[in-house]
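Here is a short briefing to read alongside the model. Keep the sequence and the 3D view open as you go.

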Amino acid sequence: FYLHLLFFSAYAVVLVIASPLDITLLNMGDKSFGLLYSSKYLERIQLDPIYFSLGWLVTRLPIRDGMSMVIFLSIIPSLLSSILVFASVRKQTSEDLAPWIASAIMMSSWIFFAQAIKVEVYTMVAFFISVSYFMFAYNRYIISSVFFGLSLCVYGITAIPFVAAFTIRSKNIRKFWYIVIGIPLVIIPVWSYLVPTNLIGVGWVSLPQMLAYGWFGGDISRLPLLSFRLIAILLMSFGCGIIPLYYFIKRDYHSSVPFLVGMLIACVYYLSAIEESGIMQLSVVVPIIAIACGLGVKYIKSRDVKVLTLTCSVVIMLMSGWIWNIDTNPTSARNMIDQLSSVPDGSIIIGARMNYGRTDTFGNSVELITNYHNRTTGRSLVPLPVGLILDPDIKEYTDKGIYNDIIFPDSFASDDINEDIYFGMEKIKRLNPDKRVYYYRYTDTERMLCELTEWN
């Protein structure tokens, strides 16, 4: 018992130490603030009813809302997933080191660790899938089917590949396919009807949209570079489990198919260059891949290899914060919100971080950050996304009353978006002399630190 307690406690401590315990805003790929905003005010930006409903509950706790979401929707689900992985493997094999190796591989995975220490949806999806497999391992097939269905209501687009493959390949789950499908078909429409849409809208990437983006970002020459990066990511995430995973696939191919489908879908999505941050969807199946590694341990004859695999995984887990060097707090969204307190009411807040020709537009996030500030303080700052500066005719913005007294410049259509944004901000200021205009200026482009600065 004490060894188990030490093992899982060490993982919990690593997660807490490595996490900023608040919301972050590293780049457009990190949507943690959007998740917080939509959870706190229960306004949907995605069709993720369970995540946002749980988020609404935890943001009501008497602690900072960003901290509550990191702890209860990322760190704790990650810790519980590691325990479920351990229990699932122990149930399915008599190999004494197998459950320890499976959990340690999950704990040491770079891609899972990166999502487990901040506000994100992926670890919560992984938790529901881990519960599903745990129930399956203990022959609780109806409960397993229920949790598979619920996983599709957390962030369904990432869970679909594995859930579909497992349901099709497992006759015990296939018997209850109507539960797996029926739960999201009931919960998602009802939730969508009851919960209002957020200002930035709801979006799922459909297959036609994916195809429209173009494979390899429209340039097939990127494939070698993306392939090299993908191999590096897979090695960082599953390197310690290569040997047991190989044996599991080789000796039990039929059972390994569902485990591999989710991984392959995420890899193809990444190689297509539709969105490079899409590789993070791989974190959803990390606990399942770890289970596959654990089940493959029994086929390894050398105990020295088993001990080495376990040792390497534990060492990487204990040193994850240093080894992976994940800078989770380059400019926290909390800091960006706090800076808004210093500007006069009615000021325009431009949705861009800029400095010396470098522009990082974070689009709708400035609207969420400013509205969050307004709703918590009762002020009336005006968020102005960059897209509206470049094209004032965008319908979803022109219908908003908050822009009625702002004069916009004409649309821009040059090849240099940085130049367009600068000219646009300059014209916004000139056309609205009674308004004070602010933007986030980079003070450290390497760490992406920024401060709210008035446009003069």
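Is Asp96 buried, partly exposed or exposed? With a relative accessible area of 42%, Asp96 is partly exposed, where buried means under 20% relative accessible area, exposed over 50%, and partly exposed in between (1.4 Å probe, protein chains only). This is a predicted model, in which local features need pLDDT of at least 70 and side-chain atom pairs count only at pLDDT 80 or more, while totals for chains, interfaces and linings use all residues. Residues are numbered from 1 along each chain as its sequence is written, and side-chain values use heavy atoms, with hydrogens and water left out.

**Salt bridges**

- The structure holds seven salt bridges, each being a side-chain nitrogen of Lys or Arg within 4 Å of a carboxyl oxygen of Asp or Glu.
- One of them joins Asp96 to Arg303, with the closest N and O atoms 3.2 Å apart.
- That pair links distant parts of the chain, since Asp96 sits in the loop between α4 and α5 and Arg303 in helix α16, 207 residues apart.
- Arg303 is partly exposed as well, at a relative accessible area of 44%.
- Another bridge brings together the side chains of Glu95 and Lys306 (3.0 Å, N to O).
- Here too distant parts of the chain are linked: Glu95 is in the loop between α4 and α5 (98-108), and Lys306 is in helix α16 (residues 303-318), 211 residues apart.
- Glu95 counts as buried at 16% relative accessibility, and Lys306 counts as buried at 7%.
- Lys40 and Asp65 also meet through their side chains in a salt bridge (3.4 Å, N to O).
- Because Lys40 lies in helix α2 (residues 32-40) and Asp65 in helix α4, this pair ties together parts that are 25 residues apart in sequence.
- Lys40 counts as buried at 16% relative accessibility, and Asp65 does at 6%.

**Helices and what covers them**

- The element names come from DSSP runs numbered from the N terminus, with helices being H or I over at least four residues and strands being E over at least two.
- Ser82 is found in helix α4 (residues 65-92) and is buried, with a relative accessible area of 0%.
- Setting aside neighbours within four places in sequence, Ser82 is in contact with Phe8, Tyr11, Ser103, Met106 and Met107, where contact means heavy atoms within 4.5 Å.
- In helix α3 (residues 49-58), the buried residues are Pro49, Ile50, Tyr51, Phe52, Gly55 and Val58.
- The cover over those buried α3 residues includes α2, α4, α7, α8 and α10 (177-194).
- Helix α7 is mostly covered, with 15 of its 16 residues buried.
- What span should α7 have? At 1.5 Å a residue, its 16 residues should span 22 Å, and the end C-alpha atoms are 22 Å apart, which agrees; the expected span is 1.5 Å times one less than the number of residues.
- Just after α7, Asn139 takes a positive phi of about 65 degrees.

**The second largest pocket**

- On a 1 Å grid over the protein atoms alone, a cavity is a set of points where a 1.4 Å probe fits but cannot get out, and a pocket is an open set with protein on both sides within 12 Å along at least five of seven lines; lining residues have an atom within 4 Å of a point.
- The second largest pocket holds about 270 Å³ of space, a volume being the space filled by probe spheres set on grid points joined across faces, edges and corners.
- Its lining has 17 residues, of which Tyr133, Phe136, Phe166, Ser255 and Phe259 lie nearest the centre.
- Two or more lining residues come from each of α7 (122-137), α8 (141-169), α9 (171-174) and α14 (253-271).
- The largest share, four residues, comes from α14.
- By class, this lining has eight nonpolar, five polar and four charged residues; Ala, Val, Leu, Ile, Met, Phe, Trp, Tyr, Cys and Pro count as nonpolar, Asp, Glu, Lys and Arg as charged, and the others, Gly among them, as polar.

**The cavity**

- The count comes to one cavity of 30 Å³ or more, and about 60 Å³ of space lies in the largest cavity.
- Residues lining the largest cavity include Ile157, Phe162, Gly262 and Gln281.
- Helices α8 and α14 each supply at least two residues of that lining, and α8 gives the most, with four.
- The lining of the largest cavity divides into seven nonpolar, three polar and no charged residues.
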